[in-house]
Amino acid sequence: MTVTIAREGAIAVVTVDNPPVNALSQALRQALVEAVAELNADEAVKAVVLICAGRTFIAGADVSEFGKPPRPPHLPDVVACIEDAKRPWVAAIHGSALGGGLEVALGCAYRVAVASASLGLPEVKLGIIPGAGGTVRLPRLIGPAAAVDMVTSGSPVGAKKAEMLGLIDAVIDGDLRTGAIAFANDVAEKPLPEPISRRAVPAVEAGFWESAETEVTAKAKREVAPLKALSSIRNASETDFADAMAFERETFLELRGSSQAAALRHVFFAERAAPRPPELSGVTPRNVRSAAVVGGGTMGAGIAVALRDAGLPVVLVERDKAAVERGLANIRAIFDGSVKRGRITQEAAVERMAGVTGSEDYGLLSDTDLVIEAVFEDIAVKRTVFTKLSEVCRPDAVLATNTSYLDPNVISGGASHPERFLGLHFFSPANVMKLLEIVPTATTAPDVLATGFALARLLGKIPVRAGICDGFIGNRILKVTRAQAERLLLCGATPSAVDAAMRAFGLPMGPFEAQDLGGLDIAAFQRKAARERGEAPFAPVADRLCAMERHGQKSGGGWYDYHPGDRTPKASDIVAAIIAEESAVMPQRNWAQGELADCIVLPMVNEAAGILEEGVALRASDIDLVKIHGYGFPRCRGGPIQYAKHRGLKTVVALLERLSVEGLADAPCKLLRRAAESGGFTTVAGGTVIGNGS
Ligand code: T1G
Ligand code: NAD
C-alpha cells in the first residue's frame with residue numbers, strides 16, 4: 001500500500017495504490033490523514049487531485065477488517081479531515097467509487113470521473129449502512145429521493161447519471177489525470193465551495209418518507225439494512241450534521257456485528273472464491289467463439305438465450321423439423337418476455353434471435369467450439385446424442401451435458417476424446433438463474449474444466465465445482481428437502497403450513513409450491529432411476545400424485561389445485577385424503593413454524609456436511625452459494641452451512657439427534673459431529689476441505 005504525492009505546478013496529485021481494489025485499510029486511512037496534513041502545510045499548493053492507481057478508485061472500506069475491532073483513524077475522521085482541508089481536493093474517479101470510497105469523494109470539494117466510472121454505496125448488500133457520512137452527505141448533495149434510491153438499493157450509478165444528479169462536477173474525456181489536473185487548476189482560483197456537511201438537505205413533499213418506507217420494506221424482504229439506511233437518511237434530513245453522523249455511525253456499528261452482515265460478508269467472499277478452484281490455477285481455458293445447444297425445450301431454450309445474451313452465435317439442434325420450430329419459438333418467447341420486462345430493446349431481441357440457427361442436422365456442428373446437450377433426462381437418449389456429437393465435432397470441441405441427475409461418466413462413456421467432456425448444470429430459467437454447477441468427469445481435461453469456468457464468467461454466472469453423485473450438490477440436497485417436507489405431512493402438517501414456514505424463513509416459495517411450478521414429473525424420473533439402482537427414495541404421497549398425473553400447475557393440480565388460467569395454489573381435498581391415508585400409522589402433532597423450518601433446514605445442513613465429507617464440494621461456502629443462487633436460500637442467512645454456524649453447530653447436532661430419535665430425520669453425519677466439536681469445518685475431514693472453515 002502506498003500513497004504518493006507528486007507536484008504538477010500548483011497542483012498536488014495524491015495517488016493511492018493499494019491493490020487489488022484500493023480498499024480503505026487502516027494503513028491507507030492513516031496515509032490519507034498524513035497527506036492532508038502535509039499539503040495543508042504547503043502554501044505553494046493551490047489544489048489537490050486524489051487519484052488511484054490500478055483498475056479502480058477506492059472500492060470501499062476493507063471488508064476483510066470487519067471481523068476485527070475498528071482501529072483509528074476511523075473513516076468519518078479521514079473524510080472530515082479532507083473536507084476541512086485548506087485547499088480544494090478533487091476526487092478523480094475511474095472504475096468503481098464504492099462505499100467508503102464514495103464517502104471519501106464526498107469529503108472532497110469536487111468530484112470528476114471518466115465516462116466508464118460507476119459510483120455507489122453498496123453497503124446494504126453487506127448487511128450494513130454507510131458508516132462515514134454516506135447517508136448524511138449524499139442527501140445534502142443530490143437530494144433525499146436520489147439518495148434513498150442509491151443507498152437503499154445499493155446499486156451504483158454511471159458517470160453520466162452521476163453528473164445529472166450533481167454527484168460529480170464533470171465527466172472527463174481522455175486521460176483522467178490530465179483532465180483532473182486541468183479541472184483543479186480551474187477551480188484553484190475560485191472560492192472554496194461550501195462543504196457538503198454545512199449544506200441543508202432539500203425539503204421533500206409530504207408523505208415522501210412514508211411511501212419510501214413502504215417501497216423499501218417491500219424490496220428488502222427480510223434484510224434489515226435497507227430500512228436502517230432509510231431511517232438514517234431521514235434522520236439526516238431532520239437533525240443537524242453532527243447528530244446525523246452520530247446516528248449513522250451508531251447504526252453502522254450495530255449492524256456490522258449482526259448475523260445478517262456476517263452472512264452477507266460470507267457470501268461476498270464465497271462468490272469471489274468459487275470461480276477459482278485451486279486445481280485450475282495457471283490453466284488456460286479453450287477458446288469459445290461459437291456454441292450449440294442440442295434440445296430446445298425448457299432448458300435448451302434458456303441456455304441458448306444465455307449464450308446469445310453473451311454474444312455467442314448459437315446453433316440449436318432438435319429431433320425433427322417440428323421440434324426445431326418449437327425450439328426456436330421457445331427462444332423467441334424468452335426474448336419477447338425480456339422486451340416486455342424492459343430488460344432488452346426490440347432491436348436487441350431481433351438481433352439476438354438472428355444469431356440463432358435452428359436445424360436437425362448435427363453436421364452443422366463440425367466446427368463448433370462448445371456444444372451443450374439438454375435433451376430428455378434419459379440415459380439412452382443422451383448417449384445417442386453424444387455418440388453423434390463425438391462423430392461430427394472437432395476433437396478439441398468441448399461437449400457438455402445439462403443433466404440433473406444422471407452420471408456424466410456414464411453419459412459420455414464410449415464417446416471419443418472423453419477428455420473434452422464435462423457436466424454444465426444450469427438452473428431454470430437458465431438465462432436468469434445465476435448458478436452453474438460445473439461437473440468434471442473422471443477424464444475431463446483441466447483446460448476443459450477451465451473452459452467451463454470461463455464460460456460461467458462470460459455468461460455472468462456463479463460457477464461451483466461439483467463432484468459426481470446423484471443430483472450433484474443442489475439436487476442432492478433438494479431430494480432431502482422434499483423427503484423432509486413429505487415426512488412433515490405424515491406427522492400432522494399440511495402443504496400450505498410447510499410452505500408458509502419456509503417462506504417465513506426467507507425462501508421465495510415453499511417446497512410444495514416449488515414442485516408444482518417446476519413439475520412433479522422431473523423428480524419422479526429421478527426416483528424411478530434411484531429405485532432401479534436399488535435405492536428407496538421416500539415420497540409416498542408424491543408417488544401417488546404422479547400416478548394420478550397430478551404434475552403440478554402444468555396439469556392443473558399437484559400438491560395444490562389450480563383453477564384454469566390462475567396460478568394461485570388452492571388446498572386440495574384429494575391431496576389431503578391421500579395424506580390422511582399415508583399418515584394413518586404416524587404420530588400426529590401440532591407444529592410451530594420454527595419447528596417446521598428446522599425439520600427442513602437442519603437436514604439440509606446435514607446433507608451438506610455429507611457432501612463435504614465425500615469431497616463432492618470443494619468448500620462449505622460453495623454449498624452455501626448453490627443453495628442461495630440455485631434454490632432461493634435467503635442470502636442474508638448466508639446459506640445452510642453459514643446458517644448452522646450462526647445457530648451453533650453443537651445446537652444443530654443436538655436438534656438433529658432429537659429429530660432422528662423421533663424418526664423425522666437422519667442422524668448427524670460424522671463430519672458435522674466433528675465440526676461441532678472443533679467449532680468449524682476447517683480440516684476436520686480426512687479428505688481435503690479447502691478454505692477457512694467458511
Ligand atoms: N475490501 C476488501 N477486499 C475487497 C473489497 C473490499 N471492499 N472489494 C473487493 N475486494 C477484493 C476481493 O475479495 C477480491 O479479492 C479482489 O478484491 C477483487 O475483487 C464505511 C463500511 C470493486 C466492483 O461493497 O463490488 O465501504 O478474491 O473479484 O469483479 O461506508 O470487488 O482476488 O483475493 O470482486 O473487478 C463497500 C465491494 C464496502 C465493494 C471490483 N464496498 N467490491 O469487482 O473484482 S463497505 C463494496 C466490489 C464500506 C463504509 C463501508 C467489487 C469491485 P481476491 P473482485 P471485480
Ligand atoms: P424438455 O422436455 O423441456 O426438453 C427436451 C428437448 O429435447 C425436447 O424439445 C426434445 O424435442 C429434445 N430432444 C429429445 N431427444 C432429442 C434428440 N435426440 N436430439 C435433439 N433433441 C432432442 O426438458 P428440459 O426440462 O429442458 O430438460 C432437459 C435436460 O435438462 C434434462 O436432462 C433435465 O434433467 C435437465 N434439467 C432440467 C431442469 C428443469 O428445471 N427443467 C433444470 C436443470 C436441468
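How do the residues of the lining of the largest cavity divide into nonpolar, polar and charged? They divide into five nonpolar, three polar and one charged. This is a predicted model, in which local features need pLDDT of at least 70 and side-chain atom pairs count only at pLDDT 80 or more, while totals for chains, interfaces and linings use all residues. Residues are numbered from 1 along each chain as its sequence is written, chains are lettered from A and ligands numbered from 1 in the order in which they are written, and side-chain values use heavy atoms, with hydrogens and water left out.

**Cavity**

- A search of the whole structure finds one cavity of 30 Å³ or more (on a 1 Å grid over the protein atoms alone, a set of points where a 1.4 Å probe fits but cannot get out).
- The volume of the largest cavity is about 40 Å³, a volume being the space filled by probe spheres set on the points, with grid points joined across faces, edges and corners.
- Its lining (residues with an atom within 4 Å of a point) includes Phe386, Leu399, His417, Arg420 and Phe421.

**Ligand 2**

- There are 24 residues around ligand 2, and Met299, Glu318, Glu377, Lys382 and Ser404 come nearest (near: a heavy atom within 4 Å).
- By class, the shell has eleven nonpolar, nine polar and four charged residues (Ala, Val, Leu, Ile, Met, Phe, Trp, Tyr, Cys and Pro count as nonpolar, Asp, Glu, Lys and Arg as charged, the others, Gly among them, as polar).
- Oxygen atoms of ligand 2 lie 2.7 Å from a polar side-chain atom of Ser404, 2.9 Å from a polar side-chain atom of Asn402 and 2.8 Å from a backbone N or O atom of Met299.
- Of the 830 Å² of accessible area that ligand 2 has on its own, the protein covers 83% (Shrake-Rupley method, 1.4 Å probe).
- Two or more residues of the shell come from each of α12 (298-309) and α15 (379-392), and α15 gives the largest share, three residues (helices are DSSP runs of H or I, at least four residues; strands are runs of E, at least two).

**Second largest pocket**

- The second largest pocket has a volume of about 1,200 Å³ (a pocket is an open set with protein on both sides within 12 Å along at least five of seven lines).
- It is lined by 48 residues, of which Ala59, Ala61, Val63, Leu126 and Phe268 are the closest to its centre.
- The lining has 23 nonpolar, eleven polar and 14 charged residues.
- α11 gives the most to this lining, with five residues.

Technical notes
A polar contact is a pair of N or O atoms within 3.5 Å; within protein, one must be able to donate a hydrogen and the other to accept it, and residues adjacent in sequence count only if both atoms are side-chain atoms.
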